[in-house]
Amino acid sequence: MADSIDESKNVSVTDEDLENKSKGELIKLAGQLRDRRNELNQMASERASSRDDLNAKTREKVDEAQEHREKRDELNQQVQEHKEKRNELNAEANELFDEVEEKRDDLELDEGKDIEQLESEIEDLEFKQQTEVLSAEDERELIEKIEEKREKLAEKKEKLNQGGDLEEIKAEAEEIRSEASKHHQKVTELADEAQEHHNQMIEAYREADDIRDEADEMHEKFVEAQEAADQHHEDFVRVQKRLRELDKKEEEEEREARQEKEEAAREEAEEIYQKFKEGETLDTEDLMKLQKTGLL
């Protein structure tokens, strides 16, 4: 950042200076004012250039932030679209799962033991019947249990057959839910990417603010140098005006002195001419004075 102006190098002029200083002193003062003015103008120009560069960088950062904002908004729009699709698919899957549950309830498939368990129990009982020595009473009870379980198994299978497309509906629901999960994954990925662009946008705006502060400070430095240059120029013009007044006064004094000299020479020549008319003899110097004034 540019330093403040070294005011010790500044040149000033007072009304008293203009009134009392000699022409030579004023000429020297004018030169000092001119040189300092030019130096300050150069300083102001450099600061203006730096300020403009900083303002350009600020605009670049603002443009960069705006690009991140647009990308973030675009990604957030995609997030919203995937959310809507995910929710739509989940709702559809839930309807199918509800349909499966309703059908299972209607068919009472969830009551009691499931098919696999019944089949396993029947196998165990049949194995026991084949491998163990049982009394007639125990074997009769065992056979009754086996028949009872076979009836329940047959009933379960019959109900399952009546349910028809339950497994297909369940598979379709699971497939739809899997598709919904893919959209949810996209929601997460896109939301993370959108957040990253949001963070970069905030950072770019912060950098733009910092650079803008530098530009504002540099503008103040430019104004400081320009105002000092303008003040030196005004004082330079004042001194120049005073010098012209002195030149004019000198010219006027010289003209008056010349006129007085010419008047004195004419008066002297007339006196000589009068002597000449009265018959006095004139010397060479007197003749030259008459010739110079045009009286001879």
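What pLDDT does the protein average, and what percentage of the residues score at least 70? The protein averages a pLDDT (the predictor's confidence in each residue, from 0 to 100) of 88, and 92% of the residues score at least 70. The model is predicted, so that local features need pLDDT of at least 70 and side-chain atom pairs count only at pLDDT 80 or more, while totals for chains, interfaces and linings use all residues. Residues are numbered from 1 along each chain as its sequence is written, and side-chain values use heavy atoms, with hydrogens and water left out.

Helix α5 comprises 112 residues and reaches 160 Å from its first C-alpha to its last, close to the 166 Å expected at 1.5 Å a residue, the expected span being 1.5 Å times one less than the number of residues. After α5 comes Gly279, with a positive phi near 95 degrees.

Two arginines sit over aromatic rings (CZ of Arg, or NZ of Lys, within 6 Å of the ring centre and within 35 degrees of the ring normal): Arg37 lies over the face of Phe236, at 5.0 Å from the ring centre, and Arg51 over that of Phe222, at 4.9 Å.

Methods: Helices (H or I, at least four residues) and strands (E, at least two) are DSSP runs, numbered from the N terminus.
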